[in-house]
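Have a look at the model first, and then we can go through them together.

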Amino acid sequence: PNTIEEDKAYNRIDSLRNIPVSFWDQFSWLSTRTYFSENFAINGTLNMWRFNRVEGFTPRLGLYFEDYFDQRLNTSLDIAYGFSDKRLKTDFMLGYLLGDYRTTSIIFNAYNSLKILFGTSDAYGDLTASLLSLLNKEEFRNYYYSAGFDFKIEGEVFPVLALSAGFLNRKDKSAQNNTDFSIFRKDRSFLNNPPIYDAAINAVIAGFKLDFRDYIEDGYFRNRSSFGRSYTTFEGDLTHSNTDWLNSDLDFTTYRVYINSFTKTFRSAVLNIKLFGMYNDGALPYQDMYALPGNINLVSKSYTFRTLRVNEIFGERVATLNLEYNLRDELFKLLKIPGLKDWEITLTLFFNTALTEIGSESAELLPLEIQTFNRPFYEIGFGISQGIIPLQLEFAWKLNYRGSNNFVVSLNTFAF
């Protein structure tokens, strides 16, 4: 039987669960979603619009249905219309979870939309990109149109191993500038949106995830946790396009591998390592290459190359290492530096290196000349912040390939 204390706790939990929650209790002007119920939401006030030189001003509507049918069904529909390119864009997603602990997923996507060129390397928010473009014509993103669908089935075959397989079909088309509007910089012109390699791609996809962390089963899901210990995860995927039996426009096979490591060193200090590798065999279209994650002027993101700009360096055979050593305030406490040891001043050291190449078959498809790192590129730096302030002042240096941005000072924050 429950103890008296347990009975009181359960009664309190049940009472709190049944307290009515109004719309305004959940609403926030700074939220990316606005919830009307536990399972239904629309896009929030921060992302009800976007602006860029291709679409112009673009109102957006997103409908999100979450955790239906006993927390198994998730689906969404995003609709946007560009007043300058006069195109309606749609993105539809349907996901369903199977198994007692929902360890198998079926995901289907259908879209006819504007895509961000090398979007996987872009860590900035849509609001940041829209405001810079609208106010000052500082457009750091490039775009292209893509229409098609894809589906993927992923499931655990062992507690530590998940495998996936699927198929994609899409048609990519170049986009162009359709507006030159800006609120303040009317004397400046936008840079031209670069062309891509227009193509129809049909491909099979497969992948794996290897995670040795323990998990907690909460009655619905298996939630992975390291319980404060060090751990390493491994992921990989394969994309195979074929002109023969898949009727694709290009022949290529792309392999990607991701290794993430979290290591506790002393006290609360943590060493994070991210390794990425990509190898392509065949003729890869420009839009499917990998761009090293760079940054815009004065603002930076973690696990990026601070001295490189967005979409500056590309490749189809790529190896990158991002190392960030978060010492927190332990070093200042250990050295007993007056003032710093009591002000919770944190220190982060980082080191990044990369190697990129483009094969002869893919080079023939390039719409423009691009730069690669045929020899390893290196940069180092450090960041200083205060424990309760979500800003980090960073300093970074190029160690080779010197030219522009040899030394960079920037702010790292989640707000952008």
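Q: How do the residues of the lining of the second largest pocket divide into nonpolar, polar and charged?
A: Keep in mind that this is a predicted model. The pocket has a volume of about 590 Å³, and 25 residues line it. By class, its lining divides into 11 nonpolar, 6 polar and 8 charged.

Q: What is the volume of the largest cavity?
A: The count comes to 1 cavity of 30 Å³ or more. Among the residues that line the largest cavity are Ile116, Phe118, Arg141 and Val310, and by class its lining has 6 nonpolar, 4 polar and 2 charged residues. Its volume is about 40 Å³.

Q: Which residues of helix 4 are buried?
A: Helix 4 spans residues 126-136, and what covers its buried residues includes strand 3 (49-52). Buried here means under 20% relative accessible area. The residues that qualify are Thr128, Ala129, Ser130, Ser133 and Leu134.

Q: Which residue just after helix 4 takes a positive phi?
A: Here we look at the backbone just past the end of helix 4. The phi there is about 60 degrees, and the residue that takes it is Lys137.

Technical notes. Residues numbered from 1 in each chain as written. Predicted model: local features only at pLDDT ≥ 70, side-chain atom pairs only at ≥ 80, totals over all residues. Heavy atoms only, no water. Buried < 20%, exposed > 50% of the residue type's maximum accessible area, 1.4 Å probe, protein only. Helix = DSSP H or I, 4+ residues; strand = E, 2+ residues; numbered from the N terminus. Contact = heavy atoms within 4.5 Å. 1 Å grid on protein atoms, 1.4 Å probe; cavity = no way out; pocket = protein on both sides within 12 Å on 5 of 7 lines; lining within 4 Å. Points joined across faces, edges and corners; volume = space filled by probe spheres on them. Nonpolar A, V, L, I, M, F, W, Y, C, P; charged D, E, K, R; others polar.
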